[in-house]
Amino acid sequence: MTESLFAYKPVLAAVALGAMWLLEGLIPMFEGRGERVRHDASNVALGVFNAVVASLIFAGATLVATEWARANGFGLLHWLGVEGVWAFALGFVLFDMWQYFWHRLNHRIPFLWRFHAVHHADRELSASSGLRFHTGEIVLSSVARLAVLPLLGMTVGQVLLYEAVLLPIILFHHGNVGVPASADRWLRWLIVTPWMHWVHHSDYQPETDSNYSSVFSFWDRIFGSFRLVADPRALTLGLEDVERRDWATLPGMAAMPFRRRRARRRAGEAGTGVPSRDPGRPGR
């Protein structure tokens, strides 16, 4: 199964991205996107480059770390004596919880935010934005995973299964697709949806710092970071202090973490002048 998941991962990514691209053209939520091909091509190019880097540098290390844990009975899943399908299920949930906390750390730690901001700077959010991460962030997250995977006791097969599920969900909740409010409401009881994740890409600080979940939406409810707005089309996406040359081109994305930028200001800080804003009905 491991070999099959690894072999079909690029195919799955291409099919999911192609389907989302067609839907974005047919039923967009946010209108007026004039340069879809150029915008998406830059994001996809960065995503492909990151995939190559991660594969060349970290694929072997991930295999070594997970095999060491398996051979030595190390990690939470081994200590609990969980096996078979239950090991896959519990490992999936625990790793998704780790993804939630890692994402939240990327918003709280200034050094990590410098790289993660490249993802948030995209003002023309689309499915391809789910592939848009600075290579520095990919390297940092991959290094962190090398410690987390043995602690959980996950196998490389469990990791690949998680990634196979994660990828289409990420493309879906970043997508510029007009999902009906009722459908989104039902889906977000379990998974992260567009109406939920668009809020996370707002340029308004309290909204940016919400909805950190990757696959399962309930982490945000459990840990108090869930937030919705009444009408997503009222959101201003991206980061207000980033110019187009920084977010719309590959050189701009590559250089963005190393440029001096105005510090982010959090709501409620004295003297910041951060405006108040009605977040709309919180929804469910």
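User: Hello! What makes helix α2 a bent helix, and where is the bend?

Analyst: Hi! This is a predicted model, and in it helix α2, residues 36–71, bends by about 50° at Phe58. Gly73 follows α2 and has a positive phi, near 60°.

User: Which residue has a positive phi although it is not a glycine?

Analyst: That is Asn211, with a phi of about 55°. Asn211 sits in the loop between α10 and α11.

User: Is Asn211 buried or exposed, and how do you know?

Analyst: Its relative accessible area is 0%, and buried means under 20%, so Asn211 is buried.

User: Why is α4 called roughly perpendicular to α5?

Analyst: Helix α4 (residues 84–108) and helix α5 (residues 110–120) pack at an angle of about 105°, and their axes are 6 Å apart. Angles of 65 to 115 degrees count as roughly perpendicular, so α4 gets that description relative to α5. On the α4 side the contact is made by Trp102, His103, Leu105, Asn106, His107 and Arg108, and on the α5 side by Pro110, Leu112, Trp113, His116 and His120. Sorted by class, this contact has five nonpolar, five polar and one charged residues.

User: What makes α5 a mostly covered helix?

Analyst: Eight of the 11 residues of α5 are buried. Those residues are Leu112, Trp113, Phe115, His116, Ala117, Val118, His119 and His120. The elements that cover them include α4, α6, α7 (156–174), α9 (194–200), α10 and α13 (250–255).

User: How many aromatic pairs are there, and why is Tyr100 with Tyr212 called edge-to-face?

Analyst: With ring centres required to lie within 6.5 Å, the count comes to 16 aromatic pairs. For Tyr100 and Tyr212 the ring centres are 5.9 Å apart and the planes stand at 85°. Planes over 60 degrees apart count as edge-to-face, so this pair is given that name.

User: What makes that pair a link between distant parts of the chain?

Analyst: Tyr100 belongs to helix α4, whereas Tyr212 lies in the loop between α10 (205–208) and α11 (218–222), and the two are 112 residues apart. Tyr100 has a relative accessible area of 0%, so Tyr100 is buried. Tyr212, at 1%, is buried as well.

User: Why is the pair of Trp219 and Phe223 called stacked?

Analyst: The planes of Trp219 and Phe223 are 20° apart, with 6.3 Å from centre to centre. Planes under 30 degrees apart count as stacked, so the name follows from the angle.

User: Which residues form one aromatic cluster?

Analyst: The cluster is formed by Phe92, Phe95, Tyr100, Phe101, Tyr162, Tyr212, Phe216, Phe218, Trp219 and Phe223.

User: Where is Ser214, and why does Ser214 count as buried?

Analyst: Ser214 is found in the loop between α10 and α11. Its relative accessibility is 10%, which falls under the 20% limit, so Ser214 counts as buried. Setting aside residues up to four places away in sequence, Ser214 touches Asp96, Gln99, Tyr162, Leu166, Ile169, His173 and Val192.

User: Why is Thr135 called buried?

Analyst: Thr135, in helix α6 (residues 135–152), has a relative accessible area of 18%. The limit is 20%, so Thr135 is buried. Apart from neighbours within four places in sequence, Thr135 is in contact with Leu46, Phe49, Asn50 and Val53. Thr135 and Phe49 are 86 residues apart in sequence, while their C-alpha atoms are 8.1 Å apart in space.

User: And for the whole chain, how many helices and strands are there, and what share of the residues count as buried?

Analyst: The chain has 13 helices and zero strands. Of its 284 residues, 47% count as buried. Among contacts with a separation of 6 or more, residues 24 or more positions apart account for 73%.

Notes
Residues numbered from 1 in each chain as written. Predicted model: local features only at pLDDT ≥ 70, side-chain atom pairs only at ≥ 80, totals over all residues. Heavy atoms only, no water. Bend = angle between axes of the 7 residues up to and from the residue. Helix = DSSP H or I, 4+ residues; strand = E, 2+ residues; numbered from the N terminus. Axes fitted to C-alpha atoms, helices over the stretch in contact; angles between N-to-C directions. Parallel < 35°, antiparallel > 145°, perpendicular 65-115°, else oblique. Contact = heavy atoms within 4.5 Å. Nonpolar A, V, L, I, M, F, W, Y, C, P; charged D, E, K, R; others polar. Phe/Tyr/Trp six-rings, centres within 6.5 Å; stacked < 30°, edge-to-face > 60°. Buried < 20%, exposed > 50% of the residue type's maximum accessible area, 1.4 Å probe, protein only.
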